[in-house]
Structure formats: C-alpha cells, structure tokens
Amino acid sequence: MKTLFLLRHMKSSWDDDSVPDHERPLSPRGERALTTMADYFRRRKGGTPQPDLILCSTAARTRATLAGLLPLWRETPPMSVDRVFYMAPARALADRLRALPDPTATVLLIGHNPGLEELALELAQAEGTHLRTRIMEKYPTGALARLEFPLDRWADLAAGTGRLAEFVTPREVASA
C-alpha cells in the first residue's frame with residue numbers, strides 16, 4: 001500500500017509587486033491557515049501521518065509551509081526540496097512519484113496548483129465521490145488530499161489507481 005498526501009502551499013502575500021513569484025512569502029492569512037492545518041495534522045483521525053519522504057517545491061511559500069509542519073515529527077523525515085516541483089504540471093509530478101524507491105510507503109508532496117489538483121484528479125479512481133467533486137470545484141491554498149494506492153511499486157502508479165480517502169481545507173478545519 002502506498003499513501004500520497006498532496007498539500008497545496010498556504011496563501012501567499014501579494015503585498016509587494018516587486019517580489020518575484022518564486023520568492024513570495026506567506027500572507028498573514030496563510031500563516032493562520034498553516035497553524036490551523038498543523039493542528040489538524042496533530043489531531044486527525046488516525047494520528048499525525050509519518051511520511052517516509054517529503055517532496056517540496058523550492059518556492060518560499062512552500063518552504064514556509066514545510067517549516068510550519070516540521071515540528072509535528074520527533075525526527076525530521078527525509079526530504080527533497082527541489083525546483084522541479086515549482087509550478088510542475090501533473091505529468092511531471094507523477095513521473096517523479098513513479099521514480100520513488102519502493103520501500104517508500106508514505107509521501108507528502110507540498111506544491112502548487114494547477115499541478116496538484118490535476119494530479120489528484122488524474123490518480124483518483126474515476127467513480128464520482130463527493131471528495132472528487134469538491135476537488136474539481138476548487139483546490140484552495142492549504143488544502144490537503146490523501147490518496148491510497150493498492151500498489152507495491154511506485155512505478156505502477158497510473159491514472160485511476162488511487163482511492164481518494166481525504167480532502168480537507170483550512171476553512172473547514174477552522175470552522176469544525
């Protein structure tokens with residue numbers, strides 16, 4: 001069994017137009033959402049997920065999102081912070097996942113839209129679930145999707161092989 005968490009970075013700041021997109025920091029709203037989502041990870045049913053690997057874009061907003069989650073784990077999970085994940089399309093993300101070593105069971109990918117949304121929809125089983133419909137409507141900043149795959153090898157990752165088991169947004173967590 002393989003588990004993939006897809007976390008869109010928290011809301012970034014647009015206060016300074018001179019800051020390049022790659023370097024935009026989190027906004028105050030994004031900082032609040034990060035606290036909300038970190039708390040969700042701590043108290044979610046099934047406990048805090050322990051990733052075998054974290055994959056993260058090099059953008060400032062994704063690195064800040066990652067930094068806010070690192071205190072969740074006693075030991076820092078192995079990670080790859082790589083420019084290849086910055087604004088990557090679904091196909092590039094899927095190719096990177098297929099190249100993962102097979103002993104890696106649980107992966108947390110922190111990235112951007114539209115790539116994350118497209119990847120979630122591509123990998124999720126086609127039959128309509130309310131979670132799939134919600135992702136199709138909007139995959140907002142800070143949203144987290146969890147897909148489960150009955151696979152032994154990441155190389156076998158293909159369209160429709162995953163069960164969309166969870167989709168939650170900071171707004172939902174804050175209002176619960």
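**Group meeting talk: how the helices pack**

So, let's start with a crossing: α4 and α5 cross in a left-handed way. Left-handed here says that the near helix is turned anticlockwise from the far one by less than a right angle, and right-handed that it is turned clockwise.

Before going on, a word on the model. This is a predicted model, where local features need pLDDT of at least 70 and side-chain atom pairs count only at pLDDT 80 or more, while totals for chains, interfaces and linings use all residues. Residues are numbered from 1 along each chain as its sequence is written, and side-chain values use heavy atoms, with hydrogens and water left out.

Back to our pair. Helix α5 covers residues 130-137, and α4 packs against α5 at about 150°, with the axes 10 Å apart. The axes are lines fitted to C-alpha atoms, for helices over the stretch in contact, and the angles run from 0 to 180 degrees between N-to-C directions. That makes α4 and α5 roughly antiparallel; the cut-offs are under 35 degrees for roughly parallel, over 145 for roughly antiparallel, 65 to 115 for roughly perpendicular, and oblique for the rest. Which residues meet? From α4 we have E117, A120 and L121, and from α5 R132, I135 and M136. Contact means heavy atoms within 4.5 Å. By class, that's four nonpolar residues, two charged and no polar. Nonpolar covers Ala, Val, Leu, Ile, Met, Phe, Trp, Tyr, Cys and Pro; charged covers Asp, Glu, Lys and Arg; the others, Gly among them, are polar.

Now look at the other pair, α1 (residues 28-43) and α2 (residues 60-69). Their axes come within 9 Å and cross at roughly 45°, so α1 and α2 are oblique to each other. This crossing is right-handed. L34, A38 and F41 of α1 make the contact with A64, T65, G68 and L69 of α2. Five of these residues are nonpolar, two are polar and none is charged.

Staying with α2: A60, R61, T62, T65, L66 and L69 are buried there. Buried means under 20% relative accessible area, exposed over 50%, and partly exposed in between, using a 1.4 Å probe and protein chains only. What covers them includes β1, α1, β2, β3 (79-81) and β4.

On to α3, residues 90-98. Where do its buried residues sit? They are A90, L93, A94 and L97, and down the axis of α3 they fall within an arc of 100°, so they line one face. The arc is that of the directions from the helix axis to the C-beta atoms. They pack against β1 (2-8), β2 (53-56), β4 (106-111) and α4 (115-123).

G115 in α4 is buried, at 3% relative accessible area. Leaving out residues up to four places away in sequence, G115 touches A88, P89, A90 and L93.

Two last stops. S27, in the loop between β1 and α1, counts as buried at 10% relative accessibility. Then there's E172, in helix α6 (residues 170-175), which is partly exposed at 31% relative accessibility. Neighbours within four places aside, E172 is in contact with R134 and F167. The C-alpha atoms of E172 and T36 are separated by 9.8 Å, though the two residues are 136 apart along the chain.

Note on methods:
Helices (H or I, at least four residues) and strands (E, at least two) are DSSP runs, numbered from the N terminus.
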